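Take a look at the chain below.

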Amino acid sequence: MDQAKVGKFIAQLRKERGLTQEELGQKVGVTNKTVSRWENGNYMPDIELLVPLGEILGVSVNELLAGERLDDAAFRRQADENLVAAVRESSFDLKERTDFFKKKWLRDNVWLIAVSILVGTAVSVKLSFDELWALISPLWIVVFCWLRNRMMAYVEGRVYGDPKPPRDG
């Protein structure tokens, strides 16, 4: 994908629609500086903005990424080229994204893990070893499974683009 070509195309379409950079930015939820950076070819729009940006500017995502209006034959050819380029230029592969969001969830929920450990420690002080083992073994398995389930639901929602990711982090 040619960032400069895409940027010039965005600028052309914006002007055809009679929009300022600020107005376009407000419609897609970015600043006018971000729109300016796109139009100057310094940055590409984030992938989640391509559909709304195309709708506002009256073009398909494929045309947006091609930086030009396309007829049917060119549209099909460009779709393949855009897909290959997007995959090739992707910052992260599936494993890297999964690992990233697992680490993020652990960082964001370290308090939950710490509280679980503290409660386990507090209970262990009050009980003998046999009582403790009988209580904590099944309890720890349940807590571990619950925490892992929450983490994986969070990760899958982020990696696979769940439209309604879990609210609880």
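Contact here means heavy atoms within 4.5 Å. In H2, the residues Gln 21, Glu 22, Leu 24, Gly 25 and Val 28 meet Asn 32, Val 35, Ser 36, Trp 38 and Glu 39 of H3. By class, this contact of H2 with H3 has 4 nonpolar, 4 polar and 2 charged residues.

**The whole chain**

The model is predicted. The protein chain has 9 helices and 0 strands. From the N terminus on, its elements run α-α-α-α-α-α-α-α-α. Of the 169 residues in the protein chain, 28% are buried. Buried means under 20% relative accessible area. Now take the contacts in the protein chain with a separation of 6 or more: residues 24 or more positions apart account for 57% of them.

Two packed helices are described by the angle between their axes and the distance between the axes. Here are both values for two pairs.

| Pair | Axes come within | Axes cross at roughly |
|---|---|---|
| H2 and H3 | 8 Å | 105° |
| H2 and H4 | 10 Å | 130° |

Start with H2 and H3, whose axes cross at roughly 105°. That makes H2 roughly perpendicular to H3.

Next come H2 and H4, whose axes cross at roughly 130°. H2 and H4 are therefore oblique to each other. The crossing of H2 past H4 is right-handed. On the H2 side, the contact is made by Leu 24, Lys 27 and Val 28. On the H4 side, Pro 52, Leu 53, Ile 56 and Leu 57 take part. By class, the contact of H2 with H4 has 6 nonpolar, no polar and 1 charged residues.

**The buried sides**

An α-helix has 3.6 residues a turn, so residues three or four places apart point the same way. Keep that in mind for the next three helices.

Which residues of H2 are buried? They are Leu 24, Gly 25 and Val 28. These residues cover an arc of only 100° around the axis, which puts them on the same side of H2. The face of H2 turned away from its buried side carries the exposed residues Gln 26 and Lys 27. Covering the buried residues of H2 are elements including H1, H3 and H4. Lys 27 is exposed, and it is also one of the H2 residues in the contact with H4. After H2 comes Gly 29, with a positive phi near 85°.

Helix H3 spans residues 32–39, and its buried residues are Val 35, Trp 38 and Glu 39. They cover an arc of only 95° around the axis, which puts them on the same side of H3. Which helices do the buried residues of H3 pack against? They pack against H1 (3–16), H2 (21–28) and H4 (50–57). Just after H3, Gly 41 has a positive phi of about 80°.

In H4, the buried residues are Leu 50, Leu 53, Gly 54 and Leu 57. They cover an arc of only 100° around the axis, which puts them on the same side of H4. The buried residues of H4 pack against H1, H2, H3 and H5 (61–66). Gly 58 follows H4, and its phi is positive, near 75°.

**Two single residues**

Gln 3 sits in helix H1. Is Gln 3 partly exposed or buried? Gln 3 is partly exposed, with a relative accessible area of 31%. How many residues apart in sequence are Gln 3 and Trp 38? They are 35 residues apart in sequence, and 7.8 Å apart in space, C-alpha to C-alpha. Leaving out residues up to four places away in sequence, Gln 3 touches Trp 38, Gly 41, Asn 42, Tyr 43 and Met 44.

Thr 98 is in helix H7, residues 94–108. At 17% relative accessibility, Thr 98 counts as buried, because buried means under 20%. Leaving out residues up to four places away in sequence, Thr 98 touches Val 155 and Val 159.

Methods
Residues numbered from 1 in each chain as written. Predicted model: local features only at pLDDT ≥ 70, side-chain atom pairs only at ≥ 80, totals over all residues. Heavy atoms only, no water. Buried < 20%, exposed > 50% of the residue type's maximum accessible area, 1.4 Å probe, protein only. Helix = DSSP H or I, 4+ residues; strand = E, 2+ residues; numbered from the N terminus. Arc of directions from axis to C-beta. Axes fitted to C-alpha atoms, helices over the stretch in contact; angles between N-to-C directions. Parallel < 35°, antiparallel > 145°, perpendicular 65-115°, else oblique. Left-handed = near helix turned anticlockwise from the far one by under 90°. Nonpolar A, V, L, I, M, F, W, Y, C, P; charged D, E, K, R; others polar.
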